[in-house]
Amino acid sequence: MSQPTMTAERKLKKVKINIMRQKEFALMSGLMMAGTTKIIDRDVLAGTDGYNEFYGRRFVETFSEKEVGYAVVHEAGHKMFRHLTIWQKLFEEDRELANHACDYVLNLFLYDMDRNEKIISRLRDPTTGKIMILFDERFRGMNVKQVFDILKQEKKEGGGGGGDGEPGDSRGRNSGSGGSGQPLDEHDWEGAADVTPEEAREIEQEIDRAVRQGKMLHEKLNGKGTSGVDRAIEELITPKIDWRAELREFFTSVCTRKEDATYRKLHRRYVGLDMYMPIRISEAAGRGAIGIDMSGSIARELPTFFTEAVSLLETVVPEAIDLLYWDSAVCQHETYTPDNYQSMLASTSPKGGGGTSPSCVTRFIKDKDLKPEFVVMFTDGYVGSDWGEQWGDKWPCPVLWLVVNENEGSITAPNGKTIFIREFD
């Protein structure tokens, strides 16, 4: 008597449990449990918004357990590397190339975790045996931005961006145009961006905990080593920071006042659990301040910084911004309101160029009784010898330090939050 066919839900659960028991994938065990997991009836392989994941019913039912397992760790990998939050800027520039770049980097990482395909198997065309995912050894050692730039240049020159890994279609998406270079899964960039600051922090904390717990389990079962996987784990524990995302997070977290709850837009975190929770609505923030270090080493980066800052100011709309150019003293004070944020870059008149003493900004704020609700300081971080006093020890509000410095980690402000900007793009 034949056995009943296993449901897609049961098969997917079995695949996840099996992978979580393997020492090769101990690192990802917690990530597979983060967020919600759904089987959908749409003709798709898999997808994620960077926290929740979904799989096509036909894909789970018809592909082998090893191939389904590959999709499972692939989605966990997107969560682990925070692809859909860190690289939102690339998505805004070119969605397709951002999808490709993320998958090229991730698939090389997964290949190194199970090269002999004992546990998971890259998807292959059943007729030709060719690999159906984006895989190219020429991108080894690169990050998503580096791969994106190469693909962008090849697109400009009329190339397809494919390599010796035989990228093919995603089987079930876009009618299977073999060699089209489509990623394995769908990346829900809009869903990743459509969360409140509170939700974003909760998700980030949960993923960070899962990565750290996975690292401990990985080292317990596999020992510490110097493989590419081990190096990648260390980078995840101290991830490369997207300064734009951090600046956006700072603005949206400190530049609003909570007022009331509304059911007009439901809390995304709970919808997948069939729970309907309201989100908070807020009004615009009060006054803020931006301090620009004029010691001479960050002039080239100023236009890029201003472009990003103005975009954020027009989004959160604080009632006013005090723009302070400083070196060993505040040399120029300009005030902007919502009706002239857009013209800030064109109308500003930077002054200064002496030493570097951020404490002059705190003194100026106090003397002029500015009362900002937040401060963003843009500097190279090379302050004077009197470390604590030079940085200012009595900031009246949250302060974010954007430090333009190639020696990441060598200079950290003793107050507020420090973000390093190693390069502008």
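What separates β8 and β9 in the hairpin that they form, and how many residues is it? Three residues lie between the two strands. The points below place this hairpin among the other elements of the model.

1. Basis of the note. The model is predicted, with local features requiring pLDDT of at least 70 and side-chain atom pairs counted only at pLDDT 80 or more, whereas totals for chains, interfaces and linings use all residues. Residues are numbered from 1 along each chain as its sequence is written, and side-chain values use heavy atoms, with hydrogens and water left out.

2. Six-stranded sheet. Helices (H or I, at least four residues) and strands (E, at least two) are DSSP runs, numbered from the N terminus. Two strands are taken as paired if DSSP finds at least two bridges between them. On this basis, six strands make an open sheet of mixed pairing, ordered β9-β8-β7-β10-β11-β12. Its edges are β9 (330-336) and β12 (417-421), each of which pairs on one side only. Neighbouring strands of the sheet are turned against each other by 15° on average, direction ignored; the axes are lines fitted to C-alpha atoms, for helices over the stretch in contact, and angles run from 0 to 180 degrees between N-to-C directions.

3. Pairing within that sheet. Strand β8 (residues 320-326) is antiparallel to β9, with six bridges between them, and Leu323 has Glu334 of β9 as its bridge partner. By contrast, β10 and β11 run parallel and are joined by five bridges; here Val375 is partnered by Val399 in β11.

4. Four-stranded sheet. A further open sheet has the order β1-β3-β2-β4, again with mixed pairing. The edge positions belong to β1 (37-40) and β4 (186-187), each pairing on one side only. Strands β2 (residues 46-48) and β3 (residues 53-56) run antiparallel and share three bridges, with Thr48 opposite Glu53 of β3.

5. Aromatic pairs. Rings of Phe, Tyr and Trp (its six-membered ring) count as a pair if their centres lie within 6.5 Å; planes under 30 degrees apart are stacked, over 60 edge-to-face, and the rest tilted. The structure contains 11 such pairs. One of them, Phe250 with Phe374, is edge-to-face, at 6.4 Å centre to centre and 75° between the planes. Phe250 belongs to helix α11 (residues 243-254) and Phe374 to the loop between α15 (359-367) and β10 (375-379), so the contact ties together parts 124 residues apart in sequence. Buried denotes under 20% relative accessible area, exposed over 50%, and partly exposed in between (1.4 Å probe, protein chains only). Phe250 is buried at 9%, and Phe374 is buried at 0%. Ring pairs also bring Phe251 into a cluster with Phe250 and Phe374.

6. Tryptophan pair and a charge over a ring. Trp391 and Trp401 are both buried. The place of Trp391 is helix α16 (residues 387-391), while Trp401 is in strand β11 (residues 399-404), 10 residues apart. Separately, the charged end of Arg122 sits over the ring of Phe135, 4.7 Å from its centre; the criterion is NZ of Lys or CZ of Arg within 6 Å of the ring centre and within 35 degrees of the ring normal.

7. Nonpolar cores. A nonpolar core is a set of buried Ala, Val, Leu, Ile, Met, Phe, Trp, Tyr and Cys residues joined through side-chain atoms within 4.5 Å. The largest has 41 residues, of which Ile19, Met28, Phe109 and Leu123 touch the most other members. Two or more residues each come from α1 (8-20), α2 (57-62), α3 (65-80), α6 (95-113) and α9; α3 gives the most, with seven. Another core lies apart from it and has 30 residues, including Val254, Ile290, Leu400 and Val404.

8. Helix α9. The expected span of a helix is 1.5 Å times one less than its number of residues. For the 26 residues of α9 (residues 197-222) this should be 38 Å, and the end C-alpha atoms are 37 Å apart, which agrees. Among the buried residues of α9 are Ile203, Ile207 and Val211. Gly223, which follows α9, has a positive phi, near 80°.

9. Glu314. This residue lies in helix α13 (residues 302-316) and is partly exposed, with a relative accessible area of 40%. The C-alpha atoms of Glu314 and Pro338 are 7.1 Å apart, although the two residues are separated by 24 residues along the chain.
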